[in-house]
Amino acid sequence: MIDLLPLMVERVGILVIVAFLLSRMRIFRQVLHSEKGFVGKMMLVAVFGIFGMISNYTGIEIHEGYVVSQHWLMEVSEDNAIANTRIMGVGIGGLLGGPLVGLGVGLLAGLHRLTLGGFTAVACALSSVLAGVAAGYLGKSRRRKGLISPWFAAVVGMFMEAVQMLIIILTARPKDAAYELVETIGLPMILINGFGTLLFMIIIRTIMHEKERLRAFQTHKAFYIADQTLPFFRQGLGPESCRKVAEILLELTEANAVAITDHRQVLAHVGAASDHHIAGQTLATELTRQVLEEGKIKTAKSAAEIQCFQEHCSLRAAVVLPLLVHGRTVGTLKLYFENAGMLGQVEQELAEGLARLFSTQLELADAEAQSDLLKDAKIKALQAQVHPHFLFNAINTISALCRTDPDKARRLLVELGIFFRSNLQGAQHMLISLDKELEYVLAYLSLEQARFPGRYDVNFEIDPVARELQIPPFLIQPLVENAIRHGYTHIRSKGKIEVKAWIQNDCLYITVEDNGKGVSPSVLDELGQRPVSSGEGTGTALFNIRERLQGIYRHRAQFSIKSEVGKGTYIEVSLPLQGKENVDHVESVCSG
């Protein structure tokens, strides 16, 4: 039995080496990352089924407690058996892919073992199928609680091997030979299969985490670049601002040259080929024109694909990305490389993320430029309060989460996009649906609660019928923000905010109530009537809301604030049930 241990370690070593070599191959990584779909599951069955077959071929032939062959096994004598690592591949396949994959791998490895022969062939085939299905269910249950740990996999591998020994004792004949075989190979196979499963899962776990680490690194890098370029993109697409952005990108990416254009000319080009790619000139490549016309990302892996007018241009690869403002292509971001091999998947994904962030920044800049033209000037004041501090706080929060929780960082990035997209859309309309405003509020809360988890709860009670009614944009969000920013400063107890909306007497009522520290009577009398200077703010948001309500509804809407120090604040807004087209002809007055 002891003599069998080093031989089994050799067999495990072969499979671990194969696993390591496969882990360096892109196709194997793709198989592991796509295991949720049916095709992915079938590929897992094939991969780990082959591992099971290799284990059978590299098994050690045993006869009456002695090793009789260590060669590649094509056939096993009728009175002999095999000591191998087949259960290792079957168990890992089931753990990663679930019961269906476990069944498939068990069938492949088990049927192959059956064809080799030996008095334990049937028992080993049966145990392979059972081990695959059992490992599949154990893995499925474990994945609900988180990623499968290597140590858990090792325990499962040892347990499956122990079950195989039991099945051999119960089903293999002659019984004396079965007992003798289990005494010889039982403990070594249980230990070695557990050890091999541990090593194998460490490799698999490394593969699974590597992509997440890469995404986290890309996201962090993209946000860092966005943070550095934000002051310049807020100035819009101009030669000076674009030159500064291009210099930052050249320093922080692997590109040999960076260029930014509008739809007519090169606004900035820094790095290689600057002798003929000159700012202020007309567009130098056909590739750029195609991106401007189609609004789609284009990549080139040769000078011929870039189609530069300069015959001896040193640029050999490029990724050209559209810069969009409100869905319209206003320019391009171009990353050039002197070696086509430098433009890999990582660089392309980073460039795509940057283009989306830059487009958002340009939309913000455009929104600020257009704000003077908005009929409702109070919206501009609200936006000016939200954008600078909120954007940087959100970027810092998401950047931190990129290292600790990449999935949450990606979700918050989506919420940030929803927040600013809603902000921009709302700035162009006098009225939006209540549902849209609530979407905007929820996006804001997701980002704020990521910064201060567990500090407060926000509950919503919204009449479903009211969701499609029209209200002024930026009505609820500033009220919720005020409650968060001013209601809970210097308070340790957990906050609670309630947002309600319902229809009554042909009016829509909206209330925001918090259990914060409240407002003193001296301040309460002026709050909302005019900007109020204090150590915690100016009250501009409340004043702007009241002013906008009066301008839109001609004093037929009501806005009231009630507060008591130490108990909280209650704000109620009541609006006439009218759409945008009739808002100037409202006759009814809602009671506050």
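**Close-up views of the predicted model**

View 1. Arg243 is partly exposed, at 31% relative accessibility. In this predicted model, the side chain of Arg243 meets that of Glu247 in a salt bridge, with 2.6 Å from N to O. Both residues lie in helix α9 (residues 239-252), and because they are 4 residues apart, about one helical turn separates them. Glu247 is likewise partly exposed, its relative accessible area being 34%.

**View 2. A salt bridge between Asp435 and Arg467.** The closest N and O atoms of Asp435 and Arg467 are 2.7 Å apart, and the two residues form a salt bridge. This pair links distant parts of the chain, 32 residues apart: Asp435 belongs to helix α15 (residues 434-451), whereas Arg467 sits in the loop between β10 (456-462) and β11 (470-471). Asp435 is partly exposed at 31% relative accessibility, and Arg467 is partly exposed at 30%.

**View 3. Lys500 and Glu498.** A salt bridge joins the side chains of Lys500 and Glu498, at 3.9 Å from N to O. Lys500 is partly exposed, with 27% relative accessibility. The structure holds 10 salt bridges.

**View 4. Strand β15 and its pairing strands.** Strand β15 (residues 568-576) is mostly covered, with 8 of its 9 residues buried. Strand β13 (residues 507-514) runs antiparallel to β15 and is joined to it by 8 bridges; here Asp514 stands opposite Thr569. Strand β14 (residues 558-564) is also antiparallel to β15, through 7 bridges, and Ile561 stands opposite Ile571. A hairpin is formed by β14 and β15, with 3 residues between them; Gly566, in the turn, has a positive phi of about 85°.

Terms used: Residues numbered from 1 in each chain as written. Predicted model: local features only at pLDDT ≥ 70, side-chain atom pairs only at ≥ 80, totals over all residues. Heavy atoms only, no water. Buried < 20%, exposed > 50% of the residue type's maximum accessible area, 1.4 Å probe, protein only. Helix = DSSP H or I, 4+ residues; strand = E, 2+ residues; numbered from the N terminus. Pairing = 2+ DSSP bridges. Salt bridge = Lys/Arg side-chain N within 4 Å of Asp/Glu carboxyl O.
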